[in-house]
Amino acid sequence: MKILVCGDVEGHFKQLFSRVQSILSKNKDFELLLCVGSFFSSDCQEEWSKYREGVETVPLPTFILGPCSIEHGQFYGDLSRDGGELCPNVTCLGQRGVYSASSGLRVAYLSGSYQGRTYQHQDKGDNLLRPYFTDSDVSWLEGECSGEGYRGVDILLTSDWPGAVDKFTVAPDGLDLSAVGAKPLSKLAMCLKPRYHFAALHQTFYERIPYRNHKILQGKPHHVTRFLAFAQVGNPDKKKRYLYAFSVTPMSSMDEKELTQQPPTATNCPYTELVKSLRESQEEAGPNFFFDQRALDSAHRKQKRQQDGGPPAKRRPPPQPRGPCWFCLGGKEVEKHLVVSIGDHTYLALSKGGMVPEHVLVLPISHYAASTDAPPEVLEELGKFKSALRKYFNSKDQSCVIFERNYKSQHLQLQVIPVTKIPSDALRQAFIDYGRSIGVWLDTVPRETPPSETTRTLW
């Protein structure tokens, strides 16, 4: 694929698209234009309206990031978070996500400037605008780009630069990255392993020497990453490039040997030490704590036993059901003919009134009301069943929706429902869209969020 990448447009649409049209007149093979940084300016309403109304046309399918400032929100409407078409041939990707092209090209993206650890919910009514990203967004994107067999993404688009990107090489002229680089983006780039990482916002052009995504002689070799940052459209300095053309074969179409070829000038990853220090500082800060009276009472009892010289407390057995339970495997009420597989702590069963023929349940053998009450060994085995079911349905060219039912039930139930094969982003978006249609606002729970906070975070 031949792709064009542009830095901050800042409302200079005519200049950008005229330049793109000139390139296309000489080479019609370009398929996409990707824009990073600020696409709009505060005073470009008149020029932008020409493109929205069709007076002016955009010559190439163009994908832009979400806003970098509140004042630019007027141009995005309610599309800044989840994305959508802003005018013919211009599409906002949204706040965060992974875009998969029909060619197999995978593009991860994260919009806005870094705001810190605090996540401010602004998801109701007309307040969908969030011109920044947080640690929660980084964690979410890392979760989307992980798992067994993950190799990396072809392209990572961010509004801002990562911190320490200039380590092991020449620093950009006139820019102090210790002051402007976003450290969480360094962590994100190290996790996602993009082949190309594009950024903007700081009015300069910078092309870093490629860096390795592995340590030499340690483990399996990976591909290299090329980082480029662009200046703003319309700047008078010819050295400050704002447009870049390149060709890329999607990673999914390349063999391992071709993908992992190493340029002779490649450096070590610039982010290793920075990410290590980030993790250490997070460990020193400690996890988030949530008030739980039962846990507090238990800690007081344990402390009292230790002070009195008493023996350590024995592990409590699973709680007993208050009445007949249809799901305790040892109970008389369970319908054992529906059981498919039994593990050490959990089992798999067909749903008695399933939504589809292969609707199944994963449940603990002993009685636990919810996953928040289950011990680690039960949660671990639940995870193994989920992983196995995902692989099974994937082999049948299906996806599956997994959710915990915890309503008018006293026994933990994981409902697993196969659906037609669909990208995870589209599946998630279907739930978000339907939720909004009935006045329910959903959000992704960061991986580090304690289970006891799940309900409060989601709704």
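Among contacts in the protein chain (heavy atoms within 4.5 Å) between residues at least 6 apart in sequence, 70% join residues at least 24 apart. The structure is a predicted model, in which local features need pLDDT of at least 70 and side-chain atom pairs count only at pLDDT 80 or more, while totals for chains, interfaces and linings use all residues. Residues are numbered from 1 along each chain as its sequence is written, and side-chain values use heavy atoms, with hydrogens and water left out.

The protein chain contains 11 helices and 20 strands, assigned as DSSP runs (helices, H or I, at least four residues; strands, E, at least two) and numbered from the N terminus. Of the 459 residues in the protein chain, 45% are buried, where buried denotes under 20% relative accessible area, exposed over 50% and partly exposed in between (1.4 Å probe, protein chains only). The accessible surface of the protein chain, computed by the Shrake-Rupley method with a 1.4 Å probe, comes to about 24800 Å², and 51% of this surface belongs to carbon and sulfur atoms.

An open sheet is formed by 5 strands in the order β16-β17-β18-β20-β19, with antiparallel pairing; two strands are taken to pair if DSSP finds at least two bridges between them. At the edges lie β16 (339-342) and β19 (398-405), each of which pairs on one side only. Strand β16 is joined to the antiparallel strand β17 (residues 346-350) by 3 bridges, and Y347 in β17 is the bridge partner of I342.

Strand β17 also holds L348, a buried residue with a relative accessible area of 9%. Leaving aside neighbours within four places in sequence, L348 is in contact with V339, V340, S341, V360, L361, V362, F385 and L389. The C-alpha atoms of L348 and V362 are separated by 4.7 Å, although these residues lie 14 apart along the chain.

Grid points were joined across faces, edges and corners, and a volume is the space filled by probe spheres set on the points. This rule gives 2 cavities of 30 Å³ or more. The second largest cavity has a volume of about 30 Å³ and is lined by L32, L34, F63, L93, Y99 and V107, lining residues having an atom within 4 Å of a point.

Definitions and conventions: On a 1 Å grid over the protein atoms alone, a cavity is a set of points where a 1.4 Å probe fits but cannot get out, and a pocket is an open set with protein on both sides within 12 Å along at least five of seven lines; lining residues have an atom within 4 Å of a point.
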